[in-house]
Amino acid sequence: YLYEPKTLVQTAATSGQIQAIAVQVGDIVEPGKVIAYITPLPPSPQADSALDLSFEARARQREYQINQQQQTLLVGKIRGEISLLTQQQHWRQTLINLETEHLKQQQKALRAARDLFQSRFISAIEWQRMQAPLRTLATRVVHLRSERADLAFKLASARANLKSAKLDGQRAEVQAQRQRHNRSRQEKQWRNALSRTIAATNPDRV
């Protein structure tokens with residue numbers, strides 16, 4: 001008896017684009033064996049969700065980049081403030097050292113002049129005139145020390161702000177990494193949901 005083998009045709013249940021062929025010609029397949037993978041067309045609701053996810057991901061990425069740029073500018077600005085405050089503090093300390101040394105010299109000269117005043121070799125008016133520079137120097141030293149204390153407070157505040165800004169940047173980076181991980185996982189889930197299969201309905205040879 002001569003007979004023609006019956007050919008079974010496996011058709012796709014939905015329109016789409018072939019993504020991969022899971023078998024080769026000559027393979028033996030059992031019912032339910034995947035023959036090919038397709039992506040449905042036109043876009044399904046899942047594909048729309050994937051597109052929404054992609055748009056949201058790009059928006060979040062752009063927002064993260066903007067925040068990072070702003071944080072970098074803020075850190076740079078604070079570092080500049082710290083550098084300027086440090087220079088000002090060092091300059092105030094230099095002035096204090098110079099004025100204090102000058103004050104000591106004036107005090108030494110005034111002690112020598114006190115004996116002349118007590119011996120009436122110097123008049124009261126001259127004695128008062130000699131004391132005026134000493135009072136001016138003492139006032140200036142007190143003022144410089146007050147400025148130095150104010151600069152020290154501002155410097156401590158700037159350093160605290162710098163530390164806070166760095167911590168904010170690190171927290172933002174950790175959050176961005178978490179978001180990227182979640183986005184990657186969701187995209188994988190959506191890609192799996194988008195994938196469709198053509199399976200064998202009978203045991204036979206491809």
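Partly exposed, in what follows, is the range between buried, under 20% relative accessible area, and exposed, over 50%. Asp-150, at 36% relative accessibility, therefore counts as partly exposed. One caveat before I go on: this is a predicted model.

I'll stay with Asp-150 for a moment. Its partner in a salt bridge is Lys-154, with the closest N and O atoms 3.5 Å apart. Both residues sit in helix H2, four residues apart, so about one helical turn separates them. Lys-154 has a relative accessible area of 41%, so this residue is partly exposed as well.

How many salt bridges does a search of the whole structure find? The search finds four.

Next is Glu-147 with Arg-92. Their side chains form a salt bridge at 2.6 Å, N to O. This pair links distant parts of the chain, with Glu-147 in helix H2, residues 124–194, and Arg-92 in helix H1, residues 45–118; the two are 55 residues apart. Glu-147 has 24% relative accessibility and so counts as partly exposed.

Then Arg-140 and Glu-99. Here the closest N and O atoms of the salt bridge are 3.0 Å apart. Again distant parts of the chain are linked, Arg-140 being in helix H2 and Glu-99 in helix H1, 41 residues apart.

At 18% relative accessibility, Thr-100 counts as buried, because the cut-off is under 20%. Leaving out residues up to four places away in sequence, Thr-100 touches Val-141 and Arg-145.

Now the nonpolar side. Which residues make up the largest nonpolar core? There are nine: Val-75, Ile-78, Ile-82, Leu-85, Leu-151, Leu-155, Ala-158, Leu-162 and Ala-165. H1 and H2 are the elements that give two or more residues to this core. H2 supplies the largest share, five residues. As background, nonpolar side chains tend to be buried together in soluble globular proteins.

Apart from neighbours within four places in sequence, Leu-151 is in contact with Leu-85, Gln-88, Gln-89 and Arg-92.

Note on methods
Residues are numbered from 1 along each chain as its sequence is written. This is a predicted model: local features need pLDDT of at least 70, side-chain atom pairs count only at pLDDT 80 or more; totals for chains, interfaces and linings use all residues. Side-chain values use heavy atoms; hydrogens and water are left out. Buried means under 20% relative accessible area, exposed over 50%, partly exposed in between (1.4 Å probe, protein chains only). Contact means heavy atoms within 4.5 Å. A nonpolar core is a set of buried Ala, Val, Leu, Ile, Met, Phe, Trp, Tyr and Cys residues joined through side-chain atoms within 4.5 Å.
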